[in-house]
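Dear colleague,

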Amino acid sequence: MLDVRGLRVEFGGRTAAVRGASLRVSKGETHCLVGESGCGKSVTALAVMNLLARGAKRDAEVLSFAGQDLLRLSDSRMSRLRGDRMAMIFQEPMTSLNPAYTVGSQMTEVLRRHRGTPRAQAVDRAAELLGLVGITAPGMRLGQYPHQLSGGLRQRVMIAMALMCDPELLVADEPTTALDVTVQAQILRLLATLRRDLGLGILLITHDLGVVARVADRVSVMYAGEVVESAPTAELFAAPRHPYTRGLLRCVPVPGKTRRGEPLGSIPGVVPRIPPGFRGCAFRDRCEHAAPNCAGAVPRRPAGPEHEFLCTLPADWTLREAAA
Amino acid sequence: MSEALTAPGDGATGRRLAFLLGALIVGVVALAAVLGPSITPHDPFAQDLGKRLVVPFWMEGGGREHPLGTDQLGRDYLARLIYGARISMVIGVLTVVASGLIGTTLGVLGGFFGGRIDDLVLFAITCRLSIPVVLVALAVVGLMGNSFTLVILVLGLLLWDRFAVVARSTTMQVRNLDYVSAAWCAGSSSFSMLVREVLPNIATHLAVVATLEMALAILLEAALSFLGLGVPPPLPSWGLMIAEAKDYMFFSPWVIMVPGVALFALVFGINLLGDGLREMLGTQDAR
Amino acid sequence: MTAAPAIEARGLRRVFRVRQGLFAEPRQVVAVDDVSFSVPAGSVLGVVGESGCGKSTLARLILGLLPPSAGDVLVDGKRLAELDRRARARLIQPVFQDPFASLNPRRRVKDIVAMPLAAQGDVPSAAMASRVAEMLARVGLSEEQGERYPAQLSGGQRQRVAIARALVLRPRIVVCDEPTSALDVSVQAQILNLLAELRRELGLTYLFISHNLAVVEHVASEVAVMYLGRIVERSEAEALFRAPGHPYTRALLASVLTPEPGLGVPDVGLGDAMPDPANIPPGCRFHPRCPQAFDRCPREAPAAWATAGGFAECHLLEPTAPAGLAGAGASQRQLAR
């Protein structure tokens, strides 16, 4: 449904934020884009929605949604598509909800603008969706202002608002990062239900590997503007190939698995800033397997069906290392 | 992530130019004020009644001898303008120093300690805001006779309110930041917390206020001098020059234009400088 | 145990008055309500809970940044209120959450680290410089980085600076308030490892506040679970994660998403009633969200009952409670607190 190939985003010729990222989201699939801050995952989402700040340059080999070429779409047609067939939710709902209007008027506005639905019908739809996202007493909530809601409720309202026009694709940028764990679990369950019941395709952007493991069908790991590894979820966690993915997985303490009090695995150094025209593997400064040829062209290696990674190491290097 | 999203806006270079222009204007005036006598061949007080109202160089009959012409008493206008710059700058700077000291001290103390002290500071600010500056200045100078020091004293003692308000609110913000908490936990004294942790971090905000107040002080001095209650003649204040020129403005328009344009340019330049400072402040906070 | 505990809280309570409108009566918000605990020297007490549960207020009370409305904090057996600030500084130091707000942007790293030494007022400048250099090296920063300003460092490096500043006076206790929440996972691991190493080497005691249970499980020897200002369960860490006593603790543990694919997202079953510290429910304060609440819960505040590794405040743990609901290992006696 969403097909992105070779996406590039540059800011003013100084920073290459996204360098040839590719990913696909099918109908009814949750695709997680995971990476640390500054890896370009949010920029990728914004580039797909054509919401980049002015001064950013977007370029791609393919950028299509449901057969439409998003690169050629005019701004006005793109904004008609956005909020209608593809919707986005953000980390902090307060920045995307207007504090001066009630929840109800903001939700109905979406439908009236895109579909010209009469007010009464739009209100019914809004109440129905608030119920669907698990908000009790939707009638009362419609009359409330965003600041009267808790963080979890606001995020539910954002999701309900995104669903007003029955989108086919939902792009969610860190939708649960600002929430408490208990509320996070509720919101993620909600997204999973929506995907199952409505056949929604979800592009979920997160830095939390726990979230990825529990909700994703497919995972793309981003580092310094590139998708360095992409695989079905179970396979990525069972047999990660890229040294960065492996390092990242070792960093996370898992109750019951990591030994208490023992040092966690960690990746030395920090995410670098990549100037345009950079060559070679961007991870090589932090990589324990770095070799001289990492400064040259880096091949994309298949490591199984639907599983590929961007590295100079051979596809079966993990097995060889384990044997050695 | 957010740093990647804020690409430089289109207005950035324009704003930098404005800031540079402001710095240039203020720099030229300040230089003239400092160098003063050494750059003009004429004495600004020397009258020459034979050469009254000589026209400036851009008008027919103007010459190199008096590039900006002379006034109604035959005094060289360029020399008077440069001396006037000195008076404007001295008044502007000294007023800002005095009012800045008073306002910042009050504001920082109120914002940092809160409670009773803050109540007192707020009360002082409210009292000050209910005093009409111009009227009080007029009354004081009218009662005590006009002098250079009195003008500075009156303005310095009256214009501290904005310093106090800004210092108080920014101090309250900074006080709640974790680095001040850390200094508290480290056992730093209140004085050292104020000087090392708070003041350096509100200094840029105060610098913006200083530019605004300086422009205001220069304008107020000009207004007082125009009314004959500011700097006493024959000191060549720009306001006084405008006042003296107003009788001749129909036949010799440059005598009022020259100090008027100078005053406008200086205040304009100071404000550009302030805007630029604020702009840099904003981007720095975002970074 | 004969030595005094490193930190002891006795009946700590902190009330804030919040004005709702110009003429409205100020309302009372009880941020911390009758909290008592002690942390033996050399151990780590993890404090967990959702936002607004009072864990950060607790940290500020223990640091002395806020005076308690009632109760006492004892540090190393001495009443905090009676110590002067320099003496406190030599005993207890903070590491805050956001390394972008906890370092003065206008001072060089080495001056930031030297600040606690300078505040003592009796450290000669040569000794100061050498201790700062030693401390910077210990947390993994170069001499050259000491000359920089915080804005020139990454998040992880800044948190190292904050740790160096906290430890330069060689305190015995460090209060870590969400020290890794603002960091990326790869950097979080570096900082957690550093904190663990330093604790072993210097024999430090930590009060470790976090919303991340997986992190707390990794570092803490004992855990306190806070809900609306009260410690609703306190337990030896290993037992807490194996057999949580309080329904709230169980819900918190269930919501931890470990990176294990195929398990799906758990149903926490807490409903959407959010806790509001300005409006604390009567009886058991957790009852509006508790999936196991019964008729006693809204009426009667629960006492502390023993669990496998400590105690929890829940009626279900009372030996006479409805059968089958009691947590594993609940003993017969009510704990004297």
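Two residues are taken to be in contact if their C-beta atoms, placed from the backbone, lie within 7 Å. By that criterion, 44 residues of chain A are in contact with 38 residues of chain C. The side of chain A that touches chain C draws two or more residues from each of α7, α8 (181-198), α9 (209-215), α10 (233-238) and α11 (243-251) of chain A; helices (H or I, at least four residues) and strands (E, at least two) are DSSP runs, numbered from the N terminus. The largest share, eight residues, comes from α8(A). This side divides into 23 nonpolar, 16 polar and five charged residues, where Ala, Val, Leu, Ile, Met, Phe, Trp, Tyr, Cys and Pro count as nonpolar, Asp, Glu, Lys and Arg as charged, and the others, Gly among them, as polar.

The model is predicted: local features need pLDDT of at least 70, side-chain atom pairs count only at pLDDT 80 or more, and totals for chains, interfaces and linings use all residues. Residues are numbered from 1 along each chain as its sequence is written, with chains lettered from A and ligands numbered from 1 in the order in which they are written.

Chain A also holds an open sheet of eight strands with mixed pairing, in the order β7-β8-β9-β3-β10-β11-β13-β12 (two strands pair if DSSP finds at least two bridges between them). Because β7 (86-89) and β12 (300-302) of chain A stand at the edges with a single partner strand each, one side of each is left without a neighbour in the sheet. Within the sheet, β11 (226-232) and β13 (308-310) of chain A pair in the antiparallel sense over two bridges.

Yours sincerely
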